[in-house]
Amino acid sequence: GSANITAPEVELDAFVDVNIVATPQASSIKVIEVLAGADPKLHIGGSAQINATTSVVAKARSDMVISATAQPGAANNTANIDAAIVNVNVLDDPLNADFTGGADLLVDGLAQINNSGGTTTLQASDILDITTTADGNIGSTAGATVAVTTVTGTETSAALSGSAAVAANSLTVEAINTRTI
């Protein structure tokens, strides 16, 4: 595109904030399946112009917290019909091939970022915090518990490419990927 932004401070923020808490209903077999993904993208391209005098911050970020917990019922003691199964999948392409499952920030084409007096930050950040629990340590119960967490193909990228240019006193380009599983 050919967008033109002029301001003392410019902040562009593509943010996906996810908080999933999954617990099963009461039954002999408790099954939880969580399928999740986040794909925030910020693209400054074409002949876009960003002009600032103090700061430019461009961020693509996700913060996903997933907690899934199941356990056999307290009074269930029949091993062949009592179970707790938890499966959490963070996917890279649940919708289509353009879905990368991670934050992407791209400045390309003929885009220009001009910051005459301060810092410029281009940042892609993914935070993923997953707790998957199938708790079989319940007194006077019988049965089986299984917990599985799968994270596939997630990518986090921040890039300045093509003929794009940044003029600033300070430039930070960073891709941050934090996992707690």
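Four strands, in the order S1-S5-S9-S13, make up an open sheet with parallel pairing. Strands here are DSSP runs of E with at least two residues, numbered from the N terminus. Two strands count as paired if DSSP finds at least two bridges between them. The model is predicted: local features need pLDDT of at least 70, side-chain atom pairs count only at pLDDT 80 or more, and totals for chains, interfaces and linings use all residues. Residues are numbered from 1 along each chain as its sequence is written, and side-chain values use heavy atoms, with hydrogens and water left out.

At the edges of the four-stranded sheet stand strand S1 (4-6) and strand S13 (165-167). Each has a single partner strand, so one side of each is left without a neighbour in the sheet. On average, neighbouring strands of this sheet are turned by 5° against each other, direction ignored. Such angles run from 0 to 180 degrees between N-to-C directions, with axes fitted as lines to C-alpha atoms. Within the sheet, strand S5 (residues 49-52) runs parallel to S9 and is joined to S9 by four bridges. Gln-49 has Gln-112 in S9 as its bridge partner.

A further open sheet has three strands in the order S4-S8-S12, and its pairing is parallel. Its edge strands are strand S4 (41-44) and strand S12 (157-160), each pairing on one side only. The twist from one strand to the next averages 0°. Four bridges connect S4 and S8 in the parallel sense. Opposite Lys-41 stands Asp-104 in S8.

Parallel pairing also links S3 with strand S7 (residues 83-90), over eight bridges. In this pair, Leu-35 faces Asn-89 in S7 as its opposite residue. The side chains alternate along strand S3 (residues 29-36). Lys-30, Ile-32, Val-34 and Ala-36 point to one face and are buried. Buried means under 20% relative accessible area, exposed means over 50%, and partly exposed lies in between (1.4 Å probe, protein chains only).

Salt bridges were examined next. Side chains of opposite charge can pair when their charged atoms come close. A salt bridge requires a side-chain nitrogen of Lys or Arg within 4 Å of a carboxyl oxygen of Asp or Glu. The structure contains four salt bridges. One of them joins Lys-59 to Glu-11, with the closest N and O atoms 3.2 Å apart. This pair links distant parts of the chain, 48 residues apart: Lys-59 lies in strand S6 (residues 55-70) and Glu-11 in strand S2 (residues 9-22). Lys-59 counts as buried at 17% relative accessibility, whereas Glu-11 is exposed at 51%.

Another salt bridge joins Asp-13 and Arg-61, whose closest N and O atoms are 2.7 Å apart. Asp-13 in strand S2 and Arg-61 in strand S6 are again distant in the chain, 48 residues apart. Asp-13 is partly exposed, with 35% relative accessibility. Arg-61 is partly exposed too, with a relative accessible area of 24%.

Asp-39 also forms a salt bridge, with Lys-41, and their closest N and O atoms are 3.5 Å apart. Asp-39 counts as buried at 16% relative accessibility, and Lys-41 is partly exposed at 44%. A network of salt bridges links Asp-39, Lys-41 and Asp-104.

Asp-108 shows another arrangement. The residue lies in the loop between strand S8 (104-107) and strand S9 (112-115). Asp-108 is buried yet has no salt bridge. Its nearest side chain of opposite charge, Lys-41, is 12 Å away. Lys and Arg count here as positive and Asp and Glu as negative, while His and the chain ends are not counted. The side chains of Asp-108 and His-43 are joined by a polar contact of 2.6 Å. A polar contact is a pair of N or O atoms within 3.5 Å; within protein, one must be able to donate a hydrogen and the other to accept it, and residues adjacent in sequence count only if both atoms are side-chain atoms. Leaving aside residues up to four places away in sequence, Asp-108 touches His-43, Ile-44, Gly-45, Gly-46, Ser-161 and Ala-164. Contact means heavy atoms within 4.5 Å.

Asp-129 lies in strand S10 (residues 119-134). The residue is partly exposed, at 29% relative accessibility. Asp-129 and Arg-179 are 50 residues apart in sequence and 6.0 Å apart in space, C-alpha to C-alpha. Asp-129 touches Met-64, Val-65, Ile-66 and Thr-180, not counting residues up to four places away in sequence.
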